[in-house]
Amino acid sequence: MSVAVYPGSFDPVTLGHFDIIERSANIMDKVIVGVLNNRAKTPLFSVEERVDMLKYVTRQIPNVEVQSFDGLLVEFVRANHAKVIIRGLRAITDFEYELQLSQTNHVIAPEIDTIFLTTNLKYSYLSSSIVKEIAEYHGDISAFLEPEIAARMIEKLKGKEEQ
């Protein structure tokens with residue numbers, strides 16, 4: 001059974017992320033979406049909320065599982081008996097960074113390979129950071145997120161403004 005891990009912050013999960021998840025699920029027997037709990041960052045959504053949103057958007061893809069993790073990615077991959085890390089690439093700048101990460105991971109865990117999937121052209125500009133910035137200025141985010149996720153983001157930002 002081919003098992004892959006697609007790691008990320010997913011704050012929030014965008015249509016670009018979903019595209020990579022869906023395509024990964026078509027080529028692997030099982031895809032584990034690993035939601036990073038990065039203590040160095042302050043995400044808009046809690047790790048539990050991000051896991052919940054990913055479970056929602058992937059609910060109709062039977063071979064996708066969503067889990068949170070912290071610590072080294074290769075240890076999470078090993079713990080899940082996966083042999084592949086999936087990474088999405090939007091541009092050359094992504095490639096340089098991702099290549100460095102994959103080479104480092106390969107030194108630490110030579111049994112784990114990284115597969116790069118280029119993002120669908122219609123999402124090549126898209127990032128969670130851009131979506132958050134647009135939403136913070138009350139811009140239309142409907143082209144970037146599933147409707148349920150967009151609604152959750154708007155609600156979250158309203159709560160943040162009221163504080």
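1. Start with Y6 and F10. Both residues are buried. This is a predicted model. The two rings form an edge-to-face aromatic pair, with 5.4 Å from centre to centre and 70° between the planes. It is one of four aromatic pairs in the structure.

2. Next, take F69 and F76. Their ring centres lie 4.4 Å apart. The planes meet at 15°, so this pair is stacked. F69 and F76 are both buried. A pair of aromatic rings is described by two values: the distance of the centres and the angle of the planes.

3. R59 lies over the face of its ring, 4.1 Å from the ring centre. The charged end of R152 also sits over the ring of Y56, at 5.8 Å from the centre.

4. Back to Y6, which belongs to strand β1. This strand covers residues 3–8. Six of its six residues are buried, so β1 is largely enclosed by the rest of the structure. V3, V5 and P7 point one way; A4, Y6 and G8 point the other way.

5. Which strands pair with β1? One is β2, residues 30–36, in the parallel sense over six bridges. G8 has V35 of β2 as its bridge partner. Another is β4, residues 84–89, which runs parallel to β1 and is joined to it by two bridges. Here A4 stands opposite V84.

6. What handedness does the β-α-β unit have? It is right-handed, and is made of β1, helix α1 (residues 15–27) and β2.

Methods: Residues are numbered from 1 along each chain as its sequence is written. This is a predicted model: local features need pLDDT of at least 70, side-chain atom pairs count only at pLDDT 80 or more; totals for chains, interfaces and linings use all residues. Side-chain values use heavy atoms; hydrogens and water are left out. Buried means under 20% relative accessible area, exposed over 50%, partly exposed in between (1.4 Å probe, protein chains only). Helices (H or I, at least four residues) and strands (E, at least two) are DSSP runs, numbered from the N terminus. Two strands pair if DSSP finds at least two bridges between them. A crossover is right-handed if, with the strands pointing away from the viewer, the path from the first strand over the helix to the second runs clockwise. Rings of Phe, Tyr and Trp (its six-membered ring) pair if their centres lie within 6.5 Å; planes under 30 degrees apart count as stacked, over 60 as edge-to-face and the rest as tilted. A charge sits over a ring if NZ of Lys or CZ of Arg is within 6 Å of the ring centre and within 35 degrees of the ring normal.
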